[in-house]
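This report walks through selected local features of one protein model. Please look at the sequence and the structure first, then read on.

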Amino acid sequence: MPLQSPESSVDVLIIGAGPAGLMCANALAVAGGIEVKIIYQRPSKISVGHADGLHPRTIEVLQSYGLAERMLREGSRMYMCSFYNPSHTGGIEFTTRVPDVTVATARFPFKIGLHQGAIEDAFLDSMAQHNLKVDRPVKPLAIELSQDQEQLHSLSSYPIKVTLARLGGATDVEKLEVVHAKYVVGADGAHSWVRKAFGITMDGDQTNYVWGVVDMVPDTDFPDIRHRAAIHSTNGSLMIIPRENEKVRLYVQLSGEDFVDPGTGRVSKSKSSPEKILEVARKTLHPFHISPLSDVEWWTIYMIGQRVASKFSVEDRVFIAGDACHTHSPKAGQGMNASMNDTHNLAWKITQVLKGWANPSILRTYESERRKYAQDLIDFDKRYAALFSGKPRTSADQDGISHEEFFKAYKTASGFTSGMGIHYGPSVIVNAKHQCFAENLVVGQRMIPQIFVRATDARPVEIQDLLPADTRFKILIFLGSANEESRMTEINALANELSSPTIFLQRCSMDGQPSAPMFDLITIVAGKKENFNYLNIPPVFRPHWSKVLLDDTDVTGKVGGDGYKRFGISTESVTFVIVRPDGYVGMVAPVAALQDVQEYFASFLLPRHYSSGV
């Protein structure tokens, strides 16, 4: 009797262990109670090269998983960006130097230069703490998605069958494994096997821009080598990214005909070398010199392609993320950042469905939110890459791109390139009906940072640090001032209403315990640390002593305060701010619209607790 390949069942199978796959795996592992398997064809993790930086919003996201401190410690921070342009005497000359991040609400007003392997290591270490590791070297051979509608709609079914091959297995039986999964996430790169298996097309164009990349410790007299630098010369363009351990990365514009195989139209690494790339870089940087102090650590060449997948999901059971569904130039540093934010958006939705908290329809918002972002990213990248790769304007060539034109595009795009301008449109989890009650907390955008002080011990706390990526919705209740008797009457009445068994806090909680596990409730009062007694507010607003905050400065008077004013929230009434598990504002509402908050949650959450007679 022939031996059978082993079979197993998992909640989520992740194919690919780059940044998108690891972000997804870590988020699911941290959520707990979910069976996850992550495979990768590479026999070992990467140690050099590939992607090279983190943007401010991505740092915030990593902070929500408790991983940012490591990146902040290990990486090189880019606070400024320098611009160089052709000089009238030949070569290049300094033009200006400006902040690299110009978004006023930036918590981290810089970018981080750090190689992809170090970022992946942080995920791998976190996953290990939750008993999850990458299964490698393993590749997928076949995938079947059931067409049975009953199976597709059943939360207990495993409608996806994936055949895996363990590379290097001694026998055929040892090589093959069959995995039955509820969900599959294809985070397997630009040449995604998962995408191709389902016939999903990549729509867009291949440009004729060819660039070389070199990682090295430089010997140079270029004065801005530790700033991010954008350099335009008559020989082409160059970008410098300062990295960890005194390294830098050079992005060097190359001549296409010298590095492209005419037969295939693709770049050919055999036609290049780090020496050839550095030779071009030296001409572009003239009159400054640059050379590696030791061996080049890593290098590659690429041709810019700008494409978006025709769809990001199949039957809300199979999803693709990262480079599997969008490719673009690395000039704005969006590749790894966009990829990780794809699965940051997806993981909490899968978790809530698997735990029986949310209706599976919530999964449709992954494609509607992230594909729209990817399309916007490609549109931006086409303009930005063309400006970066175009010929600069000189006295001899007035048709070239002027510094003013490029600089205007750079400043305009700051919200986009920093990741802080992402704005998700209306959906079941984004409701902007009452936007005017918190004018500066844009529904669909991230919750902006603000320092408050804890009512119990006057400790200053960053509101973002109270919004961890723990799959729960955060209910921020801005009570306003609590001094006048009339206000306390209103607050007490609201407390009674929130304690009703028909309210969302009760209907969508376990065992009738407010704020657990589906919600975390945080109360913010317009009060002073010197005289506010947090026990004066009803218990429903203080589920834990650490969850009552004051809109006041810290004891030094240097940080905090004016949060209500900054957010555009009145201190004369109660305002609800609903923050999604991924840190984006899902809804704001005045106390008079509590029913709208109720309907917001009822549209996608599944009731878990009902009082008798309800």
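Predicted model: local features only at pLDDT ≥ 70, side-chain atom pairs only at ≥ 80, totals over all residues.

Strand 4 and strand 7 (residues 111-113) run antiparallel and are joined by three bridges. Within strand 7, Lys111 is the residue that stands opposite Met78.

Asp52 is found in the loop between strand 2 (36-39) and strand 3. Is Asp52 buried or exposed? Its relative accessibility is 10%, so Asp52 counts as buried. The side chain of Asp52 is in polar contact with the side chain of Tyr251, at 3.3 Å. Leaving aside residues up to four places away in sequence, Asp52 touches several others, including Ile112, Gly113, Leu114 and His115. Arg243, Arg249 and Met336 are also among the residues that Asp52 touches.

|---|---|---|---|

How many residues of strand 24 (residues 519-525) are buried? Seven of its seven residues are, and the strand is mostly covered. Phe519, Leu521, Thr523 and Val525 point one way from strand 24, while Asp520, Ile522 and Ile524 point the other way; all are buried.

Thr471 lies in the loop between strand 22 and strand 23. With a relative accessibility of 6%, Thr471 counts as buried. The phi angle of Thr471 is near 75°, a positive value in a residue other than glycine.

**Aromatic rings and charges**

The structure holds 22 aromatic pairs. One of them is formed by Tyr183 and Phe319; this pair is tilted, with 6.4 Å centre to centre and 35° between the planes. Why does the pair tie together parts that are 136 residues apart in sequence? Tyr183 lies in strand 10 (residues 176-186) and Phe319 lies in strand 19 (residues 318-320), so the pair ties together parts with that separation. Tyr183 counts as buried at 3% relative accessibility, and Phe319 counts as buried at 0%.

Tyr183 also has a charged residue over its ring: Arg317 lies over the face of Tyr183, at 5.0 Å from the ring centre. Another such arrangement involves Lys269, whose charged end sits over the ring of Trp299, 4.6 Å from its centre.

Ring pairs also link Trp348, Phe473, Phe504, Phe519, Tyr600, Phe601 and Phe604 into a cluster. Phe519 of this cluster is one of the buried residues of strand 24.

**Backbone details**

Most residues other than glycine have a negative phi, and most peptide bonds are trans. The following cases can be read against that background.

The loop between helix 4 (116-129) and strand 8 (138-145) contains Pro137. The peptide bond from Arg136 to Pro137 is cis, with omega near -10°. Asn131 has its place in the loop between helix 4 and strand 8. Phi of Asn131 is near 60°, which is a positive value in a residue other than glycine. Asn131 is exposed, with a relative accessible area of 75%.

Pro287 lies in the loop between helix 9 (274-285) and strand 16 (290-292). His286 and Pro287 are joined by a cis peptide bond, and omega is about 20°.

How values were computed
Residues numbered from 1 in each chain as written. Heavy atoms only, no water. Phe/Tyr/Trp six-rings, centres within 6.5 Å; stacked < 30°, edge-to-face > 60°. Helix = DSSP H or I, 4+ residues; strand = E, 2+ residues; numbered from the N terminus. Buried < 20%, exposed > 50% of the residue type's maximum accessible area, 1.4 Å probe, protein only. Lys NZ or Arg CZ within 6 Å of the ring centre and 35° of its normal. Pairing = 2+ DSSP bridges. Polar contact = N/O pair within 3.5 Å; in protein donor to acceptor, adjacent residues only side chain to side chain. Contact = heavy atoms within 4.5 Å.
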